[in-house]
Amino acid sequence: MSAIIAKAPAPTPAPPTEPAELRIVPARRTGQWTAAGAVLVLAVLGAYSVVTNRAFQWDVVGDHFTSAAVLRGLGLTLWLTAVVMVLGFAIGTLLAVLRLSANPVLRAVSWAYVWFFRSTPILVQLLFWFNIGALYPTVLGVETVDLLGPVSVAVIGLTLHEGAYAAEVVRGGILSVDRGQIEAAQSLGLGRRRRLTRIVLPQAMRSIVPPAGNMLIGTLKGTSIVSVIAVQDLLYSVQLVYHRTYEVVPLLLVATVWYVLVTSVLSVGQHYVERHYARGTAGAGAR
């Protein structure tokens, strides 16, 4: 009997019962939707009040929006922004390279430049260059009054100011490049200049472009300060008009709308440039 019991097959375990289907209940976000609705209502009410308020004089805005004086001022603002950014980043790149140099004298000169121009307000710098004739009436036999007009003063002042900030942007981008990349380039026998132009700067652009885009937009808006030295940029052009017509608010709106439009275009361009340099990196598709 014991032998028969020993040979009896073991009972097969019962198949596991499948768990009951779980019901997924989405999280309730009542607070978020309430806040979003309140913000939307306030935004609509604000936009409606601006559009329907006759004090804004939108008909006057439309009359002057594409006037010859305003378009000339806009053109000078765009030109000034482009020139200052190109020259500023040229100076800034040179200063960044000097700051990272092994030569202590070059590092000190670069640091002193950045320290000085970041420590003084741009308005003070512009007024200083505007009155440079009081210190140096002639340079190389040429009177500085004839040599440095308001536009030249604006270019010099803004460029030197932007160059200090551009130096820190470029230096931060260079330092963001992995040290192994530079060592690999050295092992291939590449010279310092080729390492900088072929290896370092292309990779550093990922870190340089976002703050550079912000600097570009800031420079566009910052050019309005040159109106204090009678440079006929966009703001100064509308000021000349409303000093004659006393339509202050609609003319300021003309300048505001133009600044918003140009800034929006630059922001879109910055987005695509960032996406270009982010290719092959994590998060590139989210840009």
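Contact here means heavy atoms within 4.5 Å. The model under discussion is predicted.

With residues up to four places away in sequence left out, threonine 81 touches Leu216, Thr219, Leu220 and Thr223. Threonine 81 belongs to helix α4. Because buried means under 20% relative accessible area, threonine 81, at 5% relative accessibility, counts as buried.

Valine 70 is likewise found in helix α4, and its relative accessibility of 0% places valine 70 among the buried residues. Again leaving out residues up to four places away in sequence, valine 70 touches His64, Phe65, Leu234, Val238, Val254 and Trp258. The C-alpha atom of valine 70 is separated by 9.1 Å from that of tyrosine 236, although the two residues are 166 residues apart along the chain.

**Packing of α4 and α10**

Two packed helices are described by the angle between their axes and the distance between the axes. For helix α4 (residues 68–99) and helix α10 (residues 192–222), the angle is about 140° and the axes are 11 Å apart. The two helices are therefore oblique to each other, and the crossing of α4 and α10 is right-handed.

On the α4 side, the contact involves Thr77, Leu78, Thr81, Val84, Met85, Phe89 and Val97. These meet Arg192, Leu196, Ile208, Ala212, Met215, Leu216, Thr219 and Leu220 in α10. The residues of this contact comprise 11 nonpolar, three polar and one charged.

**Annotated transmembrane regions**

An unreviewed UniProt entry places the feature "transmembrane region" at residues 33–56, 76–98, 110–130 and 248–269.

| Span | Helix content | Strand content | Distance between end C-alpha atoms |
|---|---|---|---|
| Residues 76–98 | 100% helix | 0% strand | 33 Å |
| Residues 248–269 | 100% helix | 0% strand | 32 Å |

**The chain as a whole**

The chain contains 12 helices and two strands. Along the sequence, these elements follow the pattern α-α-α-α-α-α-β-β-α-α-α-α-α-α. Of the 287 residues of the chain, 31% count as buried. Among contacts between residues at least 6 apart in sequence, 74% join residues at least 24 apart.

How values were computed: Residues numbered from 1 in each chain as written. Predicted model: local features only at pLDDT ≥ 70, side-chain atom pairs only at ≥ 80, totals over all residues. Heavy atoms only, no water. Axes fitted to C-alpha atoms, helices over the stretch in contact; angles between N-to-C directions. Helix = DSSP H or I, 4+ residues; strand = E, 2+ residues; numbered from the N terminus. Parallel < 35°, antiparallel > 145°, perpendicular 65-115°, else oblique. Left-handed = near helix turned anticlockwise from the far one by under 90°. Nonpolar A, V, L, I, M, F, W, Y, C, P; charged D, E, K, R; others polar. UniProt positions renumbered as here; feature names shortened; annotations may be inferred. Buried < 20%, exposed > 50% of the residue type's maximum accessible area, 1.4 Å probe, protein only.
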